[in-house]
Amino acid sequence: QVQLVESGGGLVQAGGSLRLSCAASGIISSINFMAWYRQAPGNQRELVARITSGGLTNSADSVKDRFTISRDNAKNTVYLQMNSLKPEDTAVYYCLANLVVTGIQRNVWGPGTQVTVSS
């Protein structure tokens with residue numbers, strides 16, 4: 001069984017930084033891309049940033065120049081470095097992995113980690 005475990009969320013003041021981590025475990029043939037999404041109360045889940053196995057990235061306009069996504073393929077782990085945090089970044093952050101398990105491509109979500117930015 002494949003699962004994702006996120007860590008690194010918490011409470012931080014505006015202007016501060018946090019680093020989220022998400023590790024995939026289980027019998028995984030390959031991971032095509034990994035991504036971070038977030039969902040604030042009353043809002044839809046939205047893409048924050050995405051990274052392919054080759055290292056290509058894209059991110060939401062609202063976080064460009066503040067957040068950086070990276071990954072360690074050997075550890076099946078993706079990171080999200082969040083700098084200059086704003087109160088509007090407050091949300092539950094979810095990790096997503098698009099991976100291949102026993103020849104089947106599937107999306108796996110992590111349980112989420114809370115990020116709260118105080119003003």
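Let's start with N98, which is buried, at a relative accessible area of 6%. Buried here means under 20%, exposed means over 50%, and partly exposed lies in between, using a 1.4 Å probe and protein chains only. Before I go on: this is a predicted model, where local features need pLDDT of at least 70 and side-chain atom pairs count only at pLDDT 80 or more, while totals for chains, interfaces and linings use all residues. Residues are numbered from 1 along each chain as its sequence is written, and side-chain values use heavy atoms, with hydrogens and water left out.

Back to N98, then. Which residues does N98 touch, leaving aside neighbours within four places in sequence? They are I31, N32, F33, Q105, R106 and N107, where contact means heavy atoms within 4.5 Å.

Now for the rings. Searching the whole structure turns up 1 aromatic pair. The ring centres of Y37 and W109 are 5.1 Å apart and the planes meet at 65 degrees, so this pair is edge-to-face. For the cut-offs, rings of Phe, Tyr and Trp (its six-membered ring) pair if their centres lie within 6.5 Å; planes under 30 degrees apart are stacked, over 60 edge-to-face, and the rest tilted. Y37 belongs to strand β4 (residues 30–39) and W109 to strand β10 (residues 104–109), so the pair ties together parts 72 residues apart in sequence. And W109 itself? With 38% relative accessibility, W109 is partly exposed.

Definitions and conventions. Helices (H or I, at least four residues) and strands (E, at least two) are DSSP runs, numbered from the N terminus.
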